Amino acid sequence: LDGSNSHDPDDGIESYQWKQAAGQSVTFSDPTSARPTFEAPSFDDTGDKLLVFDLIVTDNGGLQSSDSTTVSVSNFEKDNPGASGGGCFIATAAFGSPTERQIIILRKFRDRYLIPNPLGYNFVNIYNTCLPPLANLISEYDILRMAAKWILLPIVGVCWLALKLGLIPTVVFAVLMAVLLTVSINLTVGQIRLQGHRP
């Protein structure tokens with residue numbers, strides 16, 4: 001949900017308050033956030049379920065304005081077996097189950113660092129829109145699943161460090177490791193060239 005486009009040129013926005021008006025009950029990550037998240041309800045039948053949400057915005061002068069939005073939830077996983085796992089489509093296709101530890105780590109990183117950030121939020125939206133067909137393809141071939149696992153493992157490691165240490169220490173650590181790796185490769189290449197020039 002996104003109420004961040006609400007604005008008041010005179011007094012500014014003081015608070016947001018989200019409430020669910022209709023549909024199967026869900027839990028907000030933070031009902032007072034401009035952009036709260038929630039886990040979509042699961043269901044076995046086909047068709048869509050409609051969820052209706054109300055947003056009340058209060059400005060610094062105490063005046064309020066409200067609006068509502070309707071979210072249509074479809075059983076996407078029923079027709080897309082590679083697209084389960086709470087949005088981690090590629091990882092679920094690679095590791096096989098949304099309950100795998102690697103997928104849980106990626107999901108926690110997404111919810112903690114990507115969703116609250118505007119750039120991360122847009123990235124997640126693009127990912128969820130464009131990559132499910134690729135996830136379906138990966139889930140059908142063993143060689144693609146293996147390749148996806150090897151590509152994802154370093155990413156999972158970085159996400160795990162970020163969850164344990166924080167984002168900034170993880171970035172510093174990753175930069176240092178990249179520098180050390182680059183220096184090590186250059187030294188190795190230099191030694192090989194020296195040995196090649198010796199009589």
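Close-up 1. Welcome to the structure, which is a predicted model. R110 has a relative accessibility of 16%, so this residue counts as buried. D111 is partly exposed, because its relative accessible area is 39%. A salt bridge links D111 with R110, and their closest N and O atoms are 2.9 Å apart. The count of salt bridges comes to two; the other pair has its own view next.

Close-up 2. An α-helix has 3.6 residues a turn, so residues three or four places apart point the same way. D142 is exposed, with a relative accessible area of 56%, while R145 is partly exposed at 23%.

**Close-up 3. The largest nonpolar core.** This core holds 20 residues, and I90, A91, F95, L106 and L152 are the members that touch the most others. At least two of its residues come from each of the helices α2 (89–95), α3 (101–114), α5 (132–140) and α6 (142–165). Which residues does L106 contact, once neighbours within four places in sequence are left aside? They are C88, A91, I155, V156 and C159. Another core lies apart from this one; it has eleven residues, including W18, F28, F53 and V57.

**Close-up 4. The two sides of helix α5.** Start with the buried residues of this helix, which are P132, A135, N136 and I138. They sit on the same side of α5, because they cover an arc of only 165° around the axis. And which residues are exposed on the other side of α5? Look there for P133 and E140.

**Close-up 5. A nonpolar patch on the surface.** L167, V171, V175, V179, V183 and L187 make up this patch, and together they have about 500 Å² of accessible area. Is L167 buried or partly exposed? Its relative accessible area is 38%, so L167 is partly exposed.

Terms used. Residues are numbered from 1 along each chain as its sequence is written. This is a predicted model: local features need pLDDT of at least 70, side-chain atom pairs count only at pLDDT 80 or more; totals for chains, interfaces and linings use all residues. Side-chain values use heavy atoms; hydrogens and water are left out. A nonpolar core is a set of buried Ala, Val, Leu, Ile, Met, Phe, Trp, Tyr and Cys residues joined through side-chain atoms within 4.5 Å. Buried means under 20% relative accessible area, exposed over 50%, partly exposed in between (1.4 Å probe, protein chains only). Helices (H or I, at least four residues) and strands (E, at least two) are DSSP runs, numbered from the N terminus. Contact means heavy atoms within 4.5 Å. The arc is that of the directions from the helix axis to the C-beta atoms. Patches are made of residues with over 30% relative accessible area and no salt bridge: like charges are joined within 9 Å, nonpolar side chains (Val, Leu, Ile, Met, Phe, Trp, Tyr) within 5 Å. Accessible areas come from the Shrake-Rupley method with a 1.4 Å probe; for residues, only the protein chains shown count as cover. A salt bridge is a side-chain nitrogen of Lys or Arg within 4 Å of a carboxyl oxygen of Asp or Glu.
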